[in-house]
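Student: I would like to learn how to read a structure like this one. Could you show it and take me through a few features?

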Amino acid sequence: MNFHNASFKAAYGTSAQLPASTLPEVSFAGRSNVGKSSLLNKLMYRKGLAKVSSTPGKTATINFYDVDGVDFVDLPGYGYAKVSKAEKDRWSELIEGYFNQERIFALVVSLIDIRHDPSALDKHMVEFLKASGLPFAIALTKADKLSKQQQAKQRASIRKALDLPKGTPMVVTSSEDGAGIDELRTLISRYVDEA
Ligand SMILES: Nc1nc2c(ncn2[C@@H]2O[C@H](COP(=O)(O)OP(=O)(O)O)[C@@H](O)[C@H]2O)c(=O)[nH]1
Ligand SMILES: [Mg+2]
């Protein structure tokens, strides 16, 4: 897979708008501000393709990118405290609608901030993925904020807190210094090939 070959496709505000799935999809989920847009840009070798926001919690959409014939799907971030009930409902509709559709799910990448224990919503997301049988991996984000020793400690602690099935891939990443990005590209390529 050539990750340089990336472009924005479309954004959707309701699950009913989502087009039928024709290409393998790699979907990215995580709480608002976890570093999802930054990671997508890094993976795609692009600075501003996915919008990095300093103001979290703006209107949720599902954004599609074409990466060399694979759909990268940027799911709306969860857990931003200051959004209205209506926005939360819209989030649920989008995420549940998306995962309930008949789609070519090659891999779901669940992003978790390496600095913190997983939140209740992070756990909820991972429980859903475990129960769904979908192929998924964990990307720990913002590793540059911790020492190597702290990274190793958090990695083990988060794996335990999430009670991950044996063999669930976990990649320590940083969009700041590029750590783990190549490893994640390799992982994604492998799952796409198997889809
Ligand atoms: N230090 C550091 N900051 C990051 C990293 N990734 C994202 N950020 C910062 O975290 C904030 C949220 O990033 P963004 O990619 O918009 O998160 P999103 O809401 O999950 O899409 C921004 O201020 C980013 O610059 C990282 O790997 N290291
Ligand atoms: Mg974002």
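Tutor: Gladly! Let us start with exposure: a residue is buried under 20% relative accessible area, exposed over 50%, and partly exposed in between, using a 1.4 Å probe and protein chains only. Helices (H or I, at least four residues) and strands (E, at least two) are DSSP runs, numbered from the N terminus. On one side of H4, Gln149, Lys153 and Lys160 are exposed.

Student: What should I know about the model and its numbering?

Tutor: This is a predicted model, in which local features need pLDDT of at least 70 and side-chain atom pairs count only at pLDDT 80 or more, while totals for chains, interfaces and linings use all residues. Residues are numbered from 1 along each chain as its sequence is written, chains are lettered from A and ligands numbered from 1 in the order in which they are written, and side-chain values use heavy atoms, with hydrogens and water left out.

Student: Which residues of H4 are buried?

Tutor: Here is the general idea: an α-helix has 3.6 residues a turn, so residues three or four places apart point the same way. In H4, the buried residues are Gln151, Gln154 and Ile158. Seen down the helix axis, the buried residues of H4 fall within an arc of 70° (taken from the directions from the axis to the C-beta atoms), so they line one face of the helix. They pack against strand E5 (105–113), strand E6 (136–141) and strand E7 (170–172), where contact means heavy atoms within 4.5 Å.

Student: What does helix H5 look like by the same tests?

Tutor: H5 (residues 181–194) also has 14 residues, and its reach of 20 Å from first C-alpha to last is close to the 20 Å expected. Its buried residues include Ile181, Leu184, Leu187, Ile188 and Tyr191. Among the elements covering the buried residues of H5 are E2, H1 and E4.

Student: Which residues are the closest to ligand 1?

Tutor: A residue is near a molecule if one of its heavy atoms lies within 4 Å of it. By that rule 16 residues surround ligand 1, the closest being Asn33, Lys36, Ser38, Asp144 and Ser175. For polar contacts, look for a pair of N or O atoms within 3.5 Å; within protein, one must be able to donate a hydrogen and the other to accept it, and residues adjacent in sequence count only if both atoms are side-chain atoms. A nitrogen atom of ligand 1 lies 2.7 Å from a side-chain N or O atom of Asp144. On the backbone, a polar atom of Lys36 is 2.8 Å from an oxygen atom of the ligand, and an N or O atom of Gly35 is 2.9 Å from a ligand oxygen atom. The protein covers 80% of the 580 Å² of accessible area that ligand 1 has on its own, by the Shrake-Rupley method with a 1.4 Å probe.

Student: What is the phi of Asn33?

Tutor: Asn33 has a positive phi of about 80° although it is not a glycine. This residue sits in the loop between strand E2 (25–30) and H1, and is partly exposed, at 43% relative accessible area.

Methods. The expected span of a helix is 1.5 Å times one less than its number of residues.
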